[in-house]
2 protein chains.
Amino acid sequence: MFDYRPVGYVIGLLVAALGAVMLLPMLADLISGNEHWFVFLVSSLVTIFVGGLIALACQNGVEAGLTIRQTFILTTGVWVMLPVFGAIPFVLGETQASYTDAFFEAMSGLTTTGSTVFTGLDDLPEGLLLWRGLMQWLGGIGIIVVAMVFLPELRVGGMQIFRSEAFDTFGKILPRAGQIASQISVIYFLLTAACALVYGSLGMAPLDAVTHAMTTIATGGFSNYDASFGGFHAGVEYAAAAFMILAGLPFVRYVQMVAGSWNAPLRDPQVRAFVGIVATAALLMALWQVSQSGRDWEPAIRKSLFNVASIITGTGYASEDYMLWGAFPVTLFFFVGLVGGCAGSTACSVKVFRYQLLFGAIMTQVKALHSPRGMFPLRYDGRTVSEDVLSSVMSFFVMFMVTLGALSAALALTGLDFITSVSGAGAALGNIGPGLGPIIGPAGNFGELNTTAKWLLSIGMLIGRLELLVVFAIFTVNFWRR
Amino acid sequence: MFDYRPVGYVIGLLVAALGAVMLLPMLADLISGNEHWFVFLVSSLVTIFVGGLIALACQNGVEAGLTIRQTFILTTGVWVMLPVFGAIPFVLGETQASYTDAFFEAMSGLTTTGSTVFTGLDDLPEGLLLWRGLMQWLGGIGIIVVAMVFLPELRVGGMQIFRSEAFDTFGKILPRAGQIASQISVIYFLLTAACALVYGSLGMAPLDAVTHAMTTIATGGFSNYDASFGGFHAGVEYAAAAFMILAGLPFVRYVQMVAGSWNAPLRDPQVRAFVGIVATAALLMALWQVSQSGRDWEPAIRKSLFNVASIITGTGYASEDYMLWGAFPVTLFFFVGLVGGCAGSTACSVKVFRYQLLFGAIMTQVKALHSPRGMFPLRYDGRTVSEDVLSSVMSFFVMFMVTLGALSAALALTGLDFITSVSGAGAALGNIGPGLGPIIGPAGNFGELNTTAKWLLSIGMLIGRLELLVVFAIFTVNFWRR
Ligand SMILES: [K+]
Ligand SMILES: [K+]
């Protein structure tokens, strides 16, 4: 008999905590003097009450550790249950959303995807805007902790699939995981504060500065404006690009940096490749714009850098409609989105280190062309990569592509056109946010999609955010039998 | 010092042989009584002369065996040099093509891709139509022989990457490779003859029956009509679907069948999966058409079966413009094209057995969820799959996707739109033929593309046909140093 109580206990506590956080947007509404604060009071009370009940009901089942199955169900359960309650303010509040739309928005927030179904953001009450930002901010730190504490935990239990995700973040020099998690939370908070200060000093209003700082560092991409970053001036674009790139680096390197090894990020091959890819892609797109449409160098470089940083980290801000830049930038954006940021950051998608390992593996195979009897162990960041890690990475890549295909086909089945289906599936799985094409592109919105498509995309965001954990587990019926 | 002479000798002989084959379309033109025969006489003489010169010049360097590097350069060289000469009739003949167009058409023929730059096919001289069919037919048998004789040869030399391609076709029960190759050629000829007889009995004119039989069994897809199979009646569509599916099965199974084990194809897991996928996809599309556009069951099933068989085997015939069927069929066609046929057939793309191995590998990883210390060797068709084979398959898949991305971006850079770039890259790499969208879709044509795009697509066809051999080799500079 499977014991759901330890899982229920933690989920209940987290739901109650989410309810408590809802008091912040209530405060924002109170300070701004709009009557909307009542929505958050009700939502908060309901959420705290239900979460507390769940926790209490499960309290007597709490033991020392979690089994693999419990850990899996906990991880998935958190990202299913939090959006269930996070959606409430959108239903009760001024958005008057259907539950489908509200759940989509909350899932998009907590998975840091950043696709939105709402238009008229500019006129929403302060509380709702802050709530969108807060959900992304919580989702961002949540996923770093899961990637650093839970996924390795699952490895210990045998889910070696995620050893690859963890091996880069756990060197011998580092102390226990719990300690790292709290250190990372401090870094996360400080980076967000720094970002908010910079945004504020560049002229953003306080609420905008805080909300956008939260969605920048979470690489979430929710904005308080329909035009996203289109309404801000050049300085803000440069600052946002810089902070998005910083948010795409492995946070553990910042911890090491603060601990005295100041060049820790620079020594990380993942960081070097990531920065190189951003610079190359931005330069190519700037060149394209200057040569094709005769744009000046400054705006060309700025717009390219901002939008490349936004897509590669999966933030999903847009500072203009890059669908209009032409076919080459659009195609490049599609593939840049499939690259993603660094492991151990808030960025999602396939991630740079997986490509590095895959290319490394291919290179060792090619080396064997000459010396059939020779041994060429794959090394990464100074360590030998085991066959096991490599198979896991390759499986991830294959499953990612197959899930992308299946989700695209399912979306097309609901009646979406080809480019909306394929890019929507990619934007959801990669937790990027905007897709391509007129409907869900940077100038578009997910509100017009049909209900089935919204639920499919919500599932896609969940699958992508949990590194395909869900798919891997569903793949085996055995998993549920024992 | 690298010895190019054995390579040059074989290539010279093959070029000369191609020149000799050009006498067949000359005969066709002579029989039809059109003056166009002179084009083939000139082309043939030039080709035989140059090929013969190359062979003679290299004759004194022929030794017993080929090194790995020589084998690689030979394989690539054949598929580069034959189109160089195969293009001549298109330049000299009634098509009056630019060399770019002519080379594209010849490469498309010899790689069995089947993309065409020509319109007004219906009015072309008989010789040119036969020549297009003949190139595909030769390319088809050529690639089976390469896959069964050369790729394993490269494995022996250390290129274990292609062991995976070969292991399914070389059981212990089978005699030497040379013998298999000749047996397969007999099967190939008989299947083509049977197909031609069926087409003829269903009312096709003799030249049409022969040409279409050749491009069916080669899964090449060149047709003598701009409307492809759109002008033929229902019986022809069913017959073509059946022969395309037969051409997508591993030819070695037919050899075994003729040798007495009549159920050899049925026992092959690759065959079972392939037939299952075709049936499922065709049924889904028929259901879609019946439910969405109220089509009758008979035409819905026929059109679905024909076009699914055409895309999955990479033949590329079209019997109507399936771009008009709606978003779901279009998206499904895109992904079905990435599945491909069986290894050891004339079909290309990723191929069914690679997906089977990849899913098998993922399943063994998931099994390890429960029993971290357990061993779960991957088995396929009754044999244990080595880690080595599995890494090769995974590398293939990854390189295929990365090459697809790079080629798409390069095509977009030449100014093609997103859907043309991505589907064109897929159609070339998968040797399928038609892409998606209004320009290169089933109702379109490659003639309007810019010159750079045509050369890029030609390179893509070559890379796809040789199972990414070219990419793997270029990937290492070492390869060329020694
Ligand atoms: K995002
Ligand atoms: K083809």
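I looked up the potassium ion (ligand 1) and found it coordinated at 2.1 to 3.1 Å by A:Thr112 (O), A:Thr113 (O), A:Thr219 (O), A:Gly220 (O), A:Gly314 (O), A:Thr315 (O), A:Asn431 (O) and A:Ile432 (O), where donors are N, O and S atoms within 2.8 Å of the metal (3.2 Å for Na, K and Ca) and water is not among the atoms, so sites may look incomplete. I note that this is a predicted model, in which local features need pLDDT of at least 70 and side-chain atom pairs count only at pLDDT 80 or more, while totals for chains, interfaces and linings use all residues. Residues are numbered from 1 along each chain as its sequence is written, chains are lettered from A and ligands numbered from 1 in the order in which they are written, and side-chain values use heavy atoms, without hydrogens and water.

I read the sequence spacing of the donor residues as T-T-x105-T-G-x93-G-T-x115-N-I. A:Thr113, in the loop between helix H6 (99-110) and helix H7 (126-156) of chain A, and A:Gly220, in the loop between helix H10 (206-217) and helix H11 (234-247) of chain A, are 107 residues apart and link distant parts of the chain; helices are DSSP runs (H or I, at least four residues) numbered from the N terminus. Both A:Thr113 and A:Gly220 are buried (under 20% relative accessible area, 1.4 Å probe, protein chains only; exposed is over 50%, partly exposed in between).

I next checked A:Leu284, which lies in helix H14 of chain A and counts as partly exposed because its relative accessibility is 36%.

Last, I looked at B:Asp3, in the segment before helix H1 (5-21) of chain B, and found it buried, since its relative accessible area is 18%. B:Asp3 and B:Cys58 are 55 residues apart in sequence and 9.7 Å apart in space, C-alpha to C-alpha.

Methods:
Helix = DSSP H or I, 4+ residues; strand = E, 2+ residues; numbered from the N terminus.
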